[in-house]
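Biologist: I have just opened this one and would like a walk through it. Could you take me through what you see, starting with a single side chain?

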Amino acid sequence: MLKPLLLSRPEPANDDQPFFSRLVRCGYRLGDLLVAGGAIDQGILRLALARQHRTRAPLGAVLRENGLIDDATLARALSRQWNIGLVDLASAPPAQALLAEVQLQKCLRVLCIPWRQFAGRTIVVVADPGE
């Protein structure tokens, strides 16, 4: 199964500014969003935060690697945290013309891919907007 990827929303911005620097979090912490959504409880969150502190790994990775949440749950929570949508590339593949215009090695390195054009802007999907 392919992992759901996060979908950026097109927005006007200075083209000299990197896209990812324009993403803004909603103000809620990932753990709080997962608890509010019923994916984990406060006890699991406390344990995961302690492990995160010891390992310095992202909270989502700690939870996922320990089987406490799945990829889809993490993607939905990150989507809410960053106020961006989700896209499943298996059911909604990227526009081939956009793929022909990019350096795929660079996309793989930063885990993003151009997806569609909207209002003259390229919409990209990213694996994790926080990285």
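Modeller: Let me begin with Arg29, which counts as exposed because its relative accessibility is 59%; exposed means over 50% relative accessible area, buried means under 20%, and partly exposed lies in between, with a 1.4 Å probe and protein chains only. Please keep in mind that this is a predicted model, in which local features need pLDDT of at least 70 and side-chain atom pairs count only at pLDDT 80 or more, while totals for chains, interfaces and linings use all residues. Residues are numbered from 1 along each chain as its sequence is written, and side-chain values use heavy atoms, with hydrogens and water left out.

Biologist: OK, and what does Arg29 form a salt bridge with?

Modeller: The partner of Arg29 is Asp32, with the closest N and O atoms 3.1 Å apart, where a salt bridge is a side-chain nitrogen of Lys or Arg within 4 Å of a carboxyl oxygen of Asp or Glu. Asp32 itself counts as partly exposed, at 30% relative accessibility.

Biologist: How many salt bridges does the structure hold?

Modeller: There are 2 salt bridges in the structure, and one of them joins Asp71 to Arg64, whose closest N and O atoms are 3.3 Å apart. Asp71 is partly exposed at 26% relative accessibility, and Arg64 is partly exposed at 29%.

Biologist: Changing topic, what is the order of the elements from the N terminus on?

Modeller: The order is β-α-α-α-α-β-α-α-β-β, giving 6 helices and 4 strands; these are DSSP runs, helices being H or I with at least four residues and strands E with at least two, numbered from the N terminus.

Biologist: And which residues touch the most other members of the largest nonpolar core?

Modeller: Those are Leu30, Leu34, Ile40, Leu63 and Ile69, in a core of 14 residues, a nonpolar core being a set of buried Ala, Val, Leu, Ile, Met, Phe, Trp, Tyr and Cys residues joined through side-chain atoms within 4.5 Å. The elements that give two or more residues to this core are α1 (30–36), α2 (42–55), α3 (59–65) and α4 (71–82), and α4 gives the most, with 4 residues. Apart from this core lies another, of 8 residues, among them Leu89, Ile113, Ile123 and Val125.

Biologist: Which residues does Ile69 touch?

Modeller: Leaving out residues up to four places away in sequence, Ile69 touches Leu34, Ala39, Ile40, Gly60, Leu63, Arg64 and Leu74, where contact means heavy atoms within 4.5 Å.
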